[in-house]
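Please read the points alongside the sequence and the structure.

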Amino acid sequence: MRRPLRKFGSAFALVGAAAAGGLAISCGSGVPTQPKPEQLDPALVSAGKDIFRFDTFGDEKYWTDTLRMHEVIQSAVSPAAALSVGFKVDVDSVPRAVRDAIAAGTVDLASPATTVTLLKLNAVVGLKGDVRTINGRDTLARVGITCALCHSTVDNSFAKGIGHRLDGWPNMDMNAGAIVALSPAVSPALKTILNSWGPGKYDPRINLDGLSTPLVLPPAYGLAGVDKVTYTAEGSISYWNAYVAVTQMHGQGSFSDPRIGVNVLQTPDLVTPKLTALRQYQLSLGTPKPPAGTVDDAAEARGRALFNGAANCASCHLGTTYTDVNFNRLHAPSETGMDPRYAARTADKAYRTTPLRGLLQHAPYFHDGSAATLAAVVDHYDGALSLRLSSQQKHDLVEYLKTL
Ligand code: HEC
Ligand code: HEC
């Protein structure tokens, strides 16, 4: 059976009714078990790295044939424009001569032809171009996207937006909505919605239910030992990887989940056979440490005690993964004062306790970015959970959160 999803630009349609039923909250009865860490096989991790960085799963069919992004890029997207909507350049893929020319200011960063050159070098993070010479000119024939578009950034070591790859780090500058909105195939009404998201956000269900409550791009690192991913614990890493590759990137593969009424079958399946290697690579990505000198040690120790004690954070942010999702606990939006609108669109209608990791790297916080800073996170809980923290205690908690 073949049941392609509706594409951006066509009328929105519900692809089946959302799963019925109330909140799936169980109270974590019984003795919690430690999750078994998955053994990593270096060969699979290395294959997974290539998939994460460079595999489009055949999604050129969508980004080229439907959205016509190859035309948009070579007619209107200069490197300067690309950097301004959050694209990153992998300096290690740029030959020394070109690097020197960029440093010397002799490369035209205002010309779309330079973007095509960077694509030919495979140097644009998350974008894969097929550049051919036509009538003596480099021409972008096809283009597709990879996981790295949203989940990698660079260390800015060469210039802002140009540096060594940092895989698993969400690209908080990536304005995916604005990029899709450049397509001539997108209706004006949808463009308005896409342009309202802003950088670092994406709504992975808009093409299923037509609603828009964009999510903050989460890290793909620090997930070893976490049983379920996504803000609403939809499933395992491989569940999400298949969902996003098939329904969002529009790669050629199969994905089905009766809870949300999605059933896509495409052959040959270019997604499913790659999921194990892809998962192993993600599990190999550790949490970045906070930069030296950013944390006040004495305050951090007091904050840790508060987190585990009086402020009761550890009742949900449990153990070394800082989440109770491994014990099958989810939380009704009202439990922690969250906006219920995104959860309402998902299978279980509740939020997962986010595993806290690399917090300093990826502000803003909460699924919708409603807390701009860690101080705002603590203020939110102070109100929502009636904690009555002093300003000293709030400061201490923030110092501790910075170390996670
Ligand atoms: C267009 C941007 C985009 C692309 C491309 C993308 N993702 Fe995501 N990713 C997201 C968003 C948004 C979420 C949050 C989804 C949710 O919580 O429902 C997410 C969630 C995740 C998570 C879960 C993190 C957590 O803590 O819950 C992982 C892991 C992940 N993505 C890996 C990948 C991989 C691997 C690929 C390629 C197959 C990929 N993503 C492609 C935007 C993207
Ligand atoms: C009742 C369970 C519960 C308690 C108690 C709790 N949290 Fe959370 N926490 C959650 C849930 C659920 C989320 C996800 C909410 C969302 O994304 O909208 C979350 C998200 C967060 C985030 C955002 C992480 C990110 O990457 O977006 C931080 C930081 C955080 N909590 C810190 C704390 C601190 C500090 C405390 C104690 C003051 C605390 N939490 C108490 C359940 C809880």
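1. The radius of gyration is taken here over C-alpha atoms, and the globule rule is 2.2 Å times the number of residues to the power 0.38. The model is a predicted one. For 404 residues, a compact globule would have a radius of gyration near 22 Å; the protein has 22 Å, so the value agrees with that expectation.

2. As to extent, the C-alpha trace spans about 70 × 55 × 45 Å along its principal axes. The protein has 15 helices and 10 strands.

3. Buried residues account for 39% of the 404 residues in the protein. Of the contacts between residues at least 6 apart in sequence, 68% join residues at least 24 apart.

4. The largest nonpolar core contains 73 residues. Those touching the most other members are Val89, Leu119, Val124, Leu127, Leu223, Ala245 and Val246. Helix 11, residues 237-248, gives the most to this core, namely six residues. Both domain 1 (42-283) and domain 2 (297-402) supply at least three residues each to this core.

5. Which residues does Val246 contact, leaving aside its neighbours within four places in sequence? The partners of Val246 are Gly251, Gly253, Ser254, Phe255, Val264 and Val271.

6. As general background, nonpolar side chains tend to be buried together in soluble globular proteins.

Technical notes
Residues numbered from 1 in each chain as written. Chains lettered and ligands numbered in written order. Predicted model: local features only at pLDDT ≥ 70, side-chain atom pairs only at ≥ 80, totals over all residues. Core = buried A, V, L, I, M, F, W, Y, C linked by C-beta atoms within 7 Å. Buried ≥ 20, exposed ≤ 12 C-beta atoms within 10 Å, placed from the backbone. Helix = DSSP H or I, 4+ residues; strand = E, 2+ residues; numbered from the N terminus. Domains from an automatic or database assignment. Contact = placed C-beta atoms within 7 Å.
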